[in-house]
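Subject: Structure handover

Hello,

Here is the structure I promised to pass on. Please look it over alongside the notes below.

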Amino acid sequence: MNIVIFGPPGAGKGTQSSYLIKNFGLYQLSTGDLLREELKSGSELALEIEKLMNAGQLVSDEIINSLIKKKISNTSIKNKIIFDGFPRNLDQAKSLDEMLNENSQSLSLVLNLKVDYSILAKRISGRVSCSICKTTFNEFFDPPKTCSNSMCSTRTMVKRADDNLDTVSKRLKTYDESTLPILDYYSSKNIVRDIDAMSDIHSVSEQISIIIKDLKS
Ligand code: AMP
C-alpha cells in the first residue's frame, strides 16, 4: 500500500509517518529530508536549494522528481511507501502517478491531516529533534531534557533552519497556493481520507490505524 501523508507544515506528517513505519512496516520517503541530505554536499546546487528552502519556496519539480524516481524503482520498498512532503503541486502529483505506473504501482490512500493554522506557528517554531534518532519534540509543549529514546539518550537537539516564525507564514502561503489544490485531484480519485489532526498524537495515530486496517481487510 502506497500512501501520501498530506497537510500543512506542522500538521504532524513526520510524527505520524514514524507511527506508520513502526506499526505497518512502511517506508517513509520525505522530500524535505532528501533535500536536507543534499545540502550537506555544499555544492552550488545545494546552495540554490538552501536559499529556496529558507525562503519557504518550492524547489524545482525537476530536482524533486529525480530524487523520487531513484527511490520508487527500489524494489525493496515497492508498495510500502509513505510520501511525506511530496507531491507539493499538481504537476508533481501527476508525475508521481506516472512514476508509480512505470513501476507497476499505484497510490491507495491520501491521509489529509486537517489542522487550524492558528496552532502551527507554535508547533513549527518550537520544533526540535534528537540529533541521533531524529525523534521530534516541542520546546513549548514537551521541552526535552534528553531524548526519550533509550538507544540515544542524547542531550543534543537540533533545529531546522526553516523552522522559524519568519518562514512559517511563507511556507503556509506556498502550501495554500500550490499544494492545497492537489486535494481536488485526489478527491476525484476517491482516495482522500480526512484526519482530525488537532487532537493529541495518539488519537491521530488511532484514526489513521482504523483507516489502514479497514483498507487492508
Ligand atoms: P519539509 O521538510 O517537507 O517541510 O520541506 C522543507 C522545504 O523543502 C520546503 O519548504 C520546500 O522548500 C522544500 N521541499 C520539500 N519537499 C518539496 C517538494 N515536494 N517540492 C518542492 N520543494 C520541496
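The sulfur of Cys133 sits 3.6 Å from the closest cysteine sulfur, that of Cys152. That is too far for a bond, because a disulfide needs the two sulfur atoms within 2.5 Å. Please keep in mind that this is a predicted model. Cys133 is partly exposed, at 28% relative accessible area. The disulfide count comes to zero. Cys130 is in no disulfide either. For Cys130 the nearest cysteine sulfur belongs to Cys147, 3.7 Å away. Cys130 is buried, with a relative accessibility of 0%.

Next, the charged pairs. Side chains of opposite charge can pair when their charged atoms come close. The search of the whole structure gives 11 salt bridges. Three of them are described here.

- Lys114 and Asp194: the closest N and O atoms are 3.8 Å apart. Lys114 lies in strand β4 (residues 109–114) and Asp194 in strand β8 (residues 192–196). The pair therefore ties together parts that are 80 residues apart in sequence. Lys114 is partly exposed, with a relative accessible area of 46%. Asp194 is partly exposed too, at 46%.
- Glu37 and Lys40: their side chains form a salt bridge with an N to O distance of 2.9 Å. Glu37 is partly exposed, at 48%. Lys40 counts as exposed, at 63%, because the cut-off for exposed is over 50%.
- Arg160 and Asp162: the N to O distance in this salt bridge is 3.0 Å. Arg160 is partly exposed, at 27%. Asp162 is buried, at 8%.

Arg160 and Asp162 also belong to a network of salt bridges.

Now the rings. The count is four aromatic pairs. In one of them, Tyr19 and Phe24, the ring centres are 6.3 Å apart. Their planes meet at 70°, so the pair is edge-to-face. Phe24 is buried, with a relative accessible area of 15%. Another pair joins Tyr185 and Tyr186, with ring centres 5.4 Å apart. Here the planes are at 55°, so the pair is tilted.

Last, a pocket. Rolling a probe the size of a water molecule over the atoms shows where empty space is left. The second largest pocket has a volume of about 180 Å³. Which residues line the second largest pocket? The lining consists of Ile21, Leu26, Tyr27, Gln28, Leu29, Ser30, Asp33, Leu34 and Lys71. By class, five of these are nonpolar, two polar and two charged. Two elements, β2 (27–30) and α2 (31–39), each supply at least two lining residues. The largest share, four residues, comes from β2.

1. Cys133 and Cys152, with sulfurs 3.6 Å apart.
2. The salt bridge of Lys114 with Asp194.
3. The tilted pair of Tyr185 and Tyr186.
4. The second largest pocket, with Ile21 and Lys71 among its lining residues.

Best wishes

Terms used
Residues numbered from 1 in each chain as written. Heavy atoms only, no water. 1 Å grid on protein atoms, 1.4 Å probe; cavity = no way out; pocket = protein on both sides within 12 Å on 5 of 7 lines; lining within 4 Å. Points joined across faces, edges and corners; volume = space filled by probe spheres on them. Nonpolar A, V, L, I, M, F, W, Y, C, P; charged D, E, K, R; others polar. Salt bridge = Lys/Arg side-chain N within 4 Å of Asp/Glu carboxyl O. Buried < 20%, exposed > 50% of the residue type's maximum accessible area, 1.4 Å probe, protein only. Phe/Tyr/Trp six-rings, centres within 6.5 Å; stacked < 30°, edge-to-face > 60°.
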